Amino acid sequence: MDATRTIVETVGRMRQRRTGPLVLELDLTEGLADAPPADPLGALLTMRKARLADVLAGLRRARKDPRVKALIVRIGGGPLGLGVVQELRGAVVKLRAAGKLTVAYAETYGEFGAGTVAYYLASAFERVYLQPSGDVGLTGIALEQRFVKDALAKLSVEYQMGQRHEYKTAANMFTQDHMTEAHRESAARIAESVTEQIVAGIADSRGLAPARVRELIDQGPFIGAEAVDAGLVDDLKYRDEVYAETVPEGSHLLYVARYAKNALPRKMPHPNADVIALVQGSGPIRMGRSGRSPLGGGSAMGSDTIAAALRSARRDDKVRSIVFRVDSPGGSYVASDTIWREVVLARKAGKSVIVSMGDVAASGGYFVAMAADVIMAQPGTLTGSIGVFGGKPVLGELLSRIGVVSETVTEGANAGMFSLTRGFSEAQWARVNAWLDRIYDDFVGKVAEGRGLDRDRAHELARGRVWTGADARENGLVDELGGLEDALALARKKAGLPVDAPVRSYPRLNPLERLRPAESSEDKAAALTRIRLEAWGPMSALAAELGLPAAGGPLMLPGQWTIR
């Protein structure tokens with residue numbers, strides 16, 4: 001009898017979970033993963049981190065699911081960029097409009113630190129709670145730039161850098177000791193544009209006048225009781241109190257990402273059904289395959305991997321449209337051009353390409369996007385940075401001071417021009433500038449062609465300047481404001497597919513294909529990601545000089561701004 005009772009109770013609990021009321025949860029204290037892991041190490045490091053696509057899919061499904069009664073989101077100090085925050089805000093607003101209760105709570109929105117973006121996210125929820133000991137660090141936007149030119153000079157390190165043009169300021173930290181006029185102008189407009197977006201969002205969600213929100217920003221940060229009095233927070237509650245108030249008895253708690261993955265379609269898609277392809281590129285752009293460096297630097301977008309994914313989607317007769325998600329600060333010009341070519345070929349094959357920009361899609365990140373049919377960005381996305389810089393640090397004197405002796409044997413007048421132990425000669429510097437001119441001219445020309453601009457207008461918008469998504473749209477560099485879900489909906493519409501048409505990630509590889517060696521460069525398995533024992537980014541040159549493996553190729557970075 002006891003065994004029978006246990007079985008009955010277990011079946012009853014399972015039935016309750018399938019049919020009973022649901023309260024969805026989302027824990028953002030560790031951030032979100034924008035793209036699927038590019039390699040085994042990335043999978044291990046992000047295994048407990050929810051994916052943005054899963055969260056958005058779950059919230060979209062929840063809008064029409066009568067079982068879902070509420071959403072509780074824990075907001076913390078985890079790294080969330082402004083673009084991702086705006087995607088989440090949009091999804092929460094739609095969930096509220098569908099009649100679902102939305103609740104945000106945090107121990108603190110900035111513990112003796114900035115919490116403007118975290119609170120901006122929380123403000124979209126119907127109820128905003130704060131632990132009694134917490135604060136609201138609503139203080140505005142500050143973009144701080146450090147310059148190390150003088151510090152490097154004390155170490156006898158000089159940077160020889162060329163840039164195209166005055167707004168291409170990523171290398172200024174090495175070559176200047178203060179903001180140039182163009183640098184300050186660009187930074188001021190970014191801060192102003194982001195502040196406009198945050199003020200408008202908080203004012204609309206909290207029922208406050210924009211002028212009042214501006215006043216509150218200047219008065220912050222706030223201790224808990226002050227935040228309640230100002231109308232920024234609804235009440236001060238601990239976690240147990242929030243859950244006791246929000247979760248009805250008999251409800252089942254379920255993480256949003258798990259809810260999305262456990263969803264069963266109303267009808268199984270036909271194996272031969274037409275689909276939307278989703279290609280996701282994240283991180284600095286480099287030649288070769290996507291992957292991660294064990295020496296640090298995060299994941300990288302490899303041109304071989306992304307080009308193979310776009311090629312696979314182009315050649316698949318079931319793919320009607322392609323969504324290309326880009327979240328990258330740039331990287332190798334050659335690698336970016338390789339990916340750009342595959343976007344062009346996909347369009348020539350009659351398949352529309354919709355680009356969805358993440359937190360950043362600038363410089364090389366804009367290069368790979370500019371040939372798309374439609375570019376979509378969040379208002380706070382950092383994009384543009386149409387330009388290039390290149391050069392090298394000269395470390396010869398520093399190495400000599402610490403006892404490192406370098407000797408070189410060369411055949412060819414310029415064979416040693418990229419050595420870090422000596423500066424460029426006048427003739428070599430002329431070659432560097434010719435190289436920079438060629439890249440910039442090609443970049444601007446392709447912007448003009450892809451965006452339907454005359455060349456003079458494209459140059460005016462380029463010059464290395466970083467734009468917010470909102471300003472980029474006003475200037476014709478971006479077509480629409482929206483997120484990944486909006487891009488997928490538009491792709492379905494352009495392809496004439498139903499609103500629930502399936503989405504598939506490319507390249508599609510089954511487990512056996514992942515294990516076997518590729519037969520050729522045309523084989524999908526040739527695009528597999530990998531871990532490369534190397535450094536890239538700012539440390540690559542130093543790594544090379546010290547005899548460590550290093551990634552090659554110039555970086556085309558958008559600047560130094562990270563908005564939190």
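Contact here means heavy atoms within 4.5 Å, and helices (H or I, at least four residues) and strands (E, at least two) are DSSP runs numbered from the N terminus. This is a predicted model, in which local features need pLDDT of at least 70 and side-chain atom pairs count only at pLDDT 80 or more, while totals for chains, interfaces and linings use all residues. Residues are numbered from 1 along each chain as its sequence is written, and side-chain values use heavy atoms, with hydrogens and water left out.

In helix H11 (residues 239-246), Val 242, Tyr 243 and Thr 246 are buried, where buried means under 20% relative accessible area and exposed over 50%, with partly exposed in between (1.4 Å probe, protein chains only). These three cover an arc of only 90° around the axis, which puts them on the same side of H11, the arc being that of the directions from the helix axis to the C-beta atoms. Asp 240 and Ala 244, on the other side of H11, are exposed. The strands against which the buried residues of H11 pack are E1 and those tabulated here.

| Strand | Residues |
|---|---|
| E2 | 68-74 |
| E3 | 101-106 |
| E4 | 127-130 |
| E9 | 252-255 |

Gly 31 is buried, with a relative accessible area of 2%, and, not counting residues up to four places away in sequence, Gly 31 touches Lys 49, Gly 78, Pro 79 and Leu 80. Although Gly 31 and Ala 50 are 19 residues apart in sequence, they lie 8.0 Å apart in space, C-alpha to C-alpha.
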